[in-house]
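Thanks for coming, everyone. Today I'll talk about charges. Please have a look at the screen.

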Amino acid sequence: MDSPFCISKQSNSAVASKKAGKVKQPEQAISFGPQVKPGELVFGVAHIFASKNDTFIHVTDLTGRETIVRVTGGMKVKTDRDEPSPYAAMLASQDVAARCKELGITALHIKIRAMGGTRRKVFGAGGQAALRALARAGLRIGRIEDVTPIPTDSTRKRGGRRGRRL
């Protein structure tokens with residue numbers, strides 16, 4: 001015990017006596033999300049953008065300013081051709097649901113969107129799969145709204161006067 005690298009018990013007690021005036025407070029458990037009563041619904045908004053090439057699931061608070069979680073189908077699968085698939089959308093939705101439950105969000109309003117404008121106005125294959133997976137994961141679904149941008153009058157559609165000729 002005469003080693004210079006060992007600390008004797010006397011020095012520890014001396015350090016403890018110097019710090020005896022300070023009392024450590026017990027650490028409180030950190031909880032994320034709003035403080036709510038059990039059984040009360042906490043809503044978020046799930047913005048689902050299902051295009052021909054990918055599916056985005058972006059959950060925000062009710063105002064839309066604060067992002068809670070954002071996952072795409074491309075983050076869940078390896079190949080590019082599988083990004084817009086219903087399977088990739090389902091995997092992304094399961095990740096989103098797990099993160100929402102972790103943060104205390106128990107219900108979602110859904111805003112589903114396709115490309116819109118002068119392009120397709122029907123959402124891709126992953127849109128419906130994403131919605132089903134969110135519902136099956138135990139999240140309550142509030143309102144479902146289609147927010148695809150529909151032009152009232154717009155620029156000319158691509159393809160020229162006679163359309164795309166095959």
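First, a term: a salt bridge is a side-chain nitrogen of Lys or Arg within 4 Å of a carboxyl oxygen of Asp or Glu. Now the ground rules. This is a predicted model, where local features need pLDDT of at least 70, side-chain atom pairs count only at pLDDT 80 or more, and totals for chains, interfaces and linings use all residues. Residues are numbered from 1 along each chain as its sequence is written, and side-chain values use heavy atoms, with hydrogens and water left out.

How many salt bridges does the structure hold? Two.

Take glutamate 102 and arginine 99. Their closest N and O atoms are 2.6 Å apart. Both sit in helix 2, three residues apart, so about one helical turn separates them. Helices here are DSSP runs of H or I, at least four residues; strands are runs of E, at least two; both are numbered from the N terminus. Glutamate 102 is exposed, at 53% relative accessible area. Arginine 99 is partly exposed, at 33%. The cut-offs: buried is under 20%, exposed is over 50%, partly exposed is in between, with a 1.4 Å probe and protein chains only.

Next pair. Lysine 76 meets aspartate 95 in a salt bridge, 2.4 Å from N to O. This one links distant parts of the chain, 19 residues apart: lysine 76 is in the loop between strand 3 (67-72) and helix 2 (86-103), and aspartate 95 is in helix 2. Lysine 76 is partly exposed, at 32%. Aspartate 95 is partly exposed too, at 35%.

Last, arginine 158. You'll find it in the segment after strand 5 (140-146). Arginine 158 is exposed, with a relative accessible area of 71%.
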